[in-house]
Amino acid sequence: MVIFFRKLHRLWFLFWLIFFFVLLYPFYYLSSRSSKYYPILNVLRTINCVCSCVLSGIFFSIELETALNKDQTYIYCANHSSNLDIMVLCIIAKGNFHFMGKEELLNSPILGIFFRTIDITVKRDSKISAFRAFKKAEENLEKGMSLIIFPEGGIEEEYPPQLSPFKNGPFRLAIDKSIPLVPISLGNLWQLMWDDGKKHGTRPGICDIYIHAPINTDKLKLEEADDLKEKVFELINSKLNYT
């Protein structure tokens, strides 16, 4: 019976997600035609995320270690176990921002319009694709667009999930461009919607989110990227409860 209601809730959640996506699509399309309208595109997708979640009974409890500066460019790094993660990061991110995600998202009926325009895709296990993706991210950061990235590189098939080792790219980029890095622990999102919710359904509830203080990287050297990666891993993992 529990599984039945969780499957039913997933359909309810998808209904609202698609409803607001269709409702906003003309504005999505217009604001995605030029980079000067990307801030509007981000506002629109944040509205889509908030409305879809709230009407599905999904709310947010956000603990902020230090206030973030809306005028500061950041690299946001978060653990990844749920499709809700993207929606939550849209709500958390300050100012103009963009995501980096897997190439398969280009084919997503909802996320495709973003990953063909404002966001960046990367092909897994391709060094050339990763190089091009991070060069594009560099350009966007220089324009004042914060980067949102999941350093695990994807959602693992293990359930309950565990925090997987991080990729090096975000940490080398943060040091190279002297961009503050914000670790984010998305505590229990996997319990509300693991992956896309197909296997275990979804349920209403409160998302526990902990935003760690930004880590300044302007005095770090590239040789310290591994140390930064381990520090961020430990910070994020310290606020998780994958049991």
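Is Lys 177 buried, exposed or partly exposed? Select Lys 177 in this predicted model, and you will find a residue that counts as partly exposed, with a relative accessibility of 24%.

Glu 142 itself counts as exposed, at 56% relative accessibility.

Next, select Arg 45 and Asp 119, which form a salt bridge with their closest N and O atoms 2.8 Å apart. Arg 45 lies in helix H2 (residues 38-55), while Asp 119 sits in the loop between helix H4 (112-115) and strand S4 (120-122), so the pair ties together parts that are 74 residues apart in sequence. Arg 45 is buried, with a relative accessible area of 5%, and Asp 119 also counts as buried, at 5% relative accessibility.

Then move to helix H8 (residues 225-237), where Lys 229 and Asp 226, being three residues apart, are separated by about one helical turn. The closest N and O atoms of this salt bridge between Lys 229 and Asp 226 are 3.9 Å apart. Lys 229 counts as buried at 13% relative accessibility, whereas Asp 226 counts as partly exposed at 44%.

To place these stops in context, note that a search of the whole structure finds five salt bridges.

Notes:
Residues numbered from 1 in each chain as written. Predicted model: local features only at pLDDT ≥ 70, side-chain atom pairs only at ≥ 80, totals over all residues. Heavy atoms only, no water. Salt bridge = Lys/Arg side-chain N within 4 Å of Asp/Glu carboxyl O. Helix = DSSP H or I, 4+ residues; strand = E, 2+ residues; numbered from the N terminus. Buried < 20%, exposed > 50% of the residue type's maximum accessible area, 1.4 Å probe, protein only.
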